[in-house]
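Here are my notes for a colleague opening this one for the first time. Keep the viewer open while you read.

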Amino acid sequence: MANKAVRLTTQQFVEYFWPLPHGINDPPAPATNPFVNIPTLRLEAEIAQDLAPGMLLSLTTEQSHVNSPNGVKPKVDGAFFRLNDLVMPLADGRPQHADQVIGVEFEASIDPFSDGENPCPEARNRKEAREQISSYAETVFSVQHRVAFFILVVVGKTCRITRWDRSGVVVTTSFDYCTNWVLFCELLWRMSQCSDEQLGYDPTARRIYPWDPLWQTMDHATEGRTSDADHKIRVLRSDELLDDGNVVFSYVREMFSKSLEGAPRYVLDVPDGNAVRQYLVGNPTFVAKGMACRGTEGFVALDRQTEEFAWLKDCWRIAYPSVEHEGYILEQLNNAGVPNVPTKICYGDLRGQITVTPLMWYNCHVLQEPKVAFAIRAAKDDIQGELPPEFDSSCPLRLHQHTRLVVKEVGIPLKEFSYGIQLLNAVADCVEAHKAAAGVPTFRLHRDISSGNILILPKVRARPNGVRAIAWMGLLCDWELSKPLYWQDRAPRQPERSGTWQFMSAALLQRNEKKVEISDELESFFNVILYHAVRYLDSNLTSKQVGIFIDEYFDQFKCYDGVWVCGDRKLQTIKDGLILSQSRNPVDFKGNMNAVIATMLSWFRANYIVQSLKFSLEDVLPPISPTPTPPSLPADFVLSFRGEVSAGPAEYIAPAPAPATPHYTPSRPVVIPTAEDVEEARMVGTHDAFLNLLKRSTDSLAGWTPLDRVGDRYPVDMERNTRYVHLDREASPFAYQSTQ
């Protein structure tokens, strides 16, 4: 959260965020200082609770009891709760932290913030304390539907109020609550009189309790139906799944059921033109890590009216005028007939819900006055007023707009692929989608190809011989960062380059000003293949080497003069055209995957030469031995190739010897590309060669084995270099998300 804070005086803060109730000019106050000669912190907390009528302050020294979907369980010191809302206590009688209204963090002596020039000092202990509070806010956002979350930070006898949103944090100056007890008593009383919306709750999300009929509706939806279909790849009977347009696969119902386990339940409003649709949700299935970010959450949702399942995406999109809404983009793609992309149901921005922190920064630093009232008014008026047309280049904060999108498809994470051939099938489908989107009439590049944005979608498909079967197709999702090709010459739409660091091309990471090209997008597809091959497929890498390779190739980076650039391992791999282990031995995936990766690498290597990137080759690779013949083939493996297959018993097809990886000999740096380099570079200038390679590699079972997937090989005890992690998502490196 460094450089993502705006500081106000305490009086400014409470005037704008916690205003006095209508008709009250003088808030009640004790006759004497209630904090004089109080021996313990707990007694002080009890007094503070009495000063906030209708609220309970619960203290704890235990780990968070939040059933957090983001996997983070930070130590919680205390929280204020509304007495009227305490209907579902924990087993020990304490209130659920998912119900907390205002957080309280006690620090013995370290103030995470400063009243100096920089409100976020870089001292290590203060930074760590600040990160702890940020993770506390992040956890609350993951279990509650919030626009903002307030935390009181108490350091000894001093206190600050903080307000966290998806752009950053607004923090007050520090004050001694024993000396300035009148001010402290007033802010506690004001806090207790605020509405839920004033305290940061999302008014478009309503909590569902066990006595609500909608609770029973959700429970009923978790019960299996005889019409539910198994999503495994298989040949269908002639009378099976004839109405394939309304198939509910069992994994979707299971995902919805799991999302309700121990979770608060909500009904969410989603704009649909001039109307509003409502969806019932539990915990999110997907939660993006980080606090100051888009905060993307994905839910398996139940349509309140039709009781059909759908995928609901809740996020805080970038709110600059030229950044298009993902729902509008999907509408364009659907209308153009682009295959293998989500089907839009409804979408829209939630009126009045923008992040206030960057508006405050703009008013304080650009207008030279803390016009916080304007910032609040602008938020309520749907970004109207004296806003910068795009962004102020000196502003470290992004402006975000809360939005929701509902699509028909509920996909399976790509990491659930069963065989290497299935991995390439899914990627090929998404390359097909990317090619169609980049052509007439949409002319659009995705610009965020990553592991999380490629899903597996089971579908009923007819094989070339007319046999109907369940097929696992690829689905290219999350188009919110996409951009039309004819916008490439325009000024940047936001302060930082967008994308997912691990899967971006080395050229984009090296040169922040570079325009995104098809070759960059194809390299991202290659990185997705490589990541899953290294992590999940059998190879000559040890488990430890798998962890080191993933860390070095996908996560690491370098910093020059404050600019993050590509890490050494990724850059050298692309420039050399070789996948080598830490011991400098060639990585062997024991099958067709070797030839696919080697061919793609040779193309990207040539592309970098053509782009005048220097390269050197230091090792000669030996031929790769063919994969041993397995004794039998499972049916879903046989059906994973895209050629013709009969509905009868599968016959074993012996794998063909894998083509050897090209031998390269050391040479002096090349500046002028050869004719062969130019020809190979052309292979990634358009989608055709890349897509044809994937299709040729999966049109038969020759060279593939059903034994190539061996589980997750990433070591659970891997100690990662913290220099490369714990980054704010969408701070540089651009849109960081852990590859774990």
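1. Start with D196: its relative accessibility is 39%, so it counts as partly exposed (buried is under 20% relative accessible area, exposed is over 50%, partly exposed is in between, with a 1.4 Å probe and protein chains only). R82 sits in strand β3 (residues 78–82) and D196 in the loop between α4 (181–193) and β9 (205–208), so the bridge ties together parts 114 residues apart in sequence. Helices (H or I, at least four residues) and strands (E, at least two) are DSSP runs, numbered from the N terminus.

2. A word on the source: this is a predicted model, where local features need pLDDT of at least 70 and side-chain atom pairs count only at pLDDT 80 or more, while totals for chains, interfaces and linings use all residues. Residues are numbered from 1 along each chain as its sequence is written, and side-chain values use heavy atoms, leaving out hydrogens and water.

3. Now the whole chain. It has 18 helices and 24 strands, and 58% of its 740 residues are buried. Take the contacts between residues at least 6 apart in sequence: 74% of them join residues at least 24 apart (contact means heavy atoms within 4.5 Å). The chain exposes about 30,100 Å², with carbon and sulfur atoms supplying 51% of that; areas come from the Shrake-Rupley method with a 1.4 Å probe, and for residues only the protein chains shown count as cover.

4. How many salt bridges does a search of the whole structure find? It finds 34. One of them pairs K313 with E480, the closest N and O atoms being 2.8 Å apart. K313 is in strand β15 (residues 309–318) and E480 in the loop between β21 (468–476) and β22, so to speak a link between distant parts of the chain, 167 residues apart. Both ends are buried: K313 at 5% and E480 at 8%. Look around them too, as R294, K313, E326, D478 and E480 are linked in a network of salt bridges.

5. D212 and R206 make another salt bridge, with closest N and O atoms 3.2 Å apart. Here D212 is the buried end, at 14%, while R206 is partly exposed at 38%.

6. Have a look at helix α6 (residues 250–259), where Y251, V252, R253, M255, F256 and S259 are buried. Their cover includes α5 (213–221), β12 (275–281), β14 (297–303), β15, β18 (412–413) and β20 (454–462).

7. Which residues meet where α13 and α14 pack? F549, E552 and Y553 in α13 meet R569, K570, T573 and I574 in α14. Helix α13 covers residues 543–555 and α14 covers 568–576; they pack at about 85°, with axes 5 Å apart. The two are therefore roughly perpendicular (65 to 115 degrees; under 35 is roughly parallel, over 145 roughly antiparallel, the rest oblique).

8. Last, the surface: V440, F443, L485 and Y486 make a nonpolar patch of about 400 Å². L485 lies in the loop between β22 (483–484) and α11 (506–510) and is partly exposed, at 31%.

Definitions and conventions:
Patches are made of residues with over 30% relative accessible area and no salt bridge: like charges are joined within 9 Å, nonpolar side chains (Val, Leu, Ile, Met, Phe, Trp, Tyr) within 5 Å. A salt bridge is a side-chain nitrogen of Lys or Arg within 4 Å of a carboxyl oxygen of Asp or Glu. Axes are lines fitted to C-alpha atoms, for helices over the stretch in contact, and angles run from 0 to 180 degrees between N-to-C directions.
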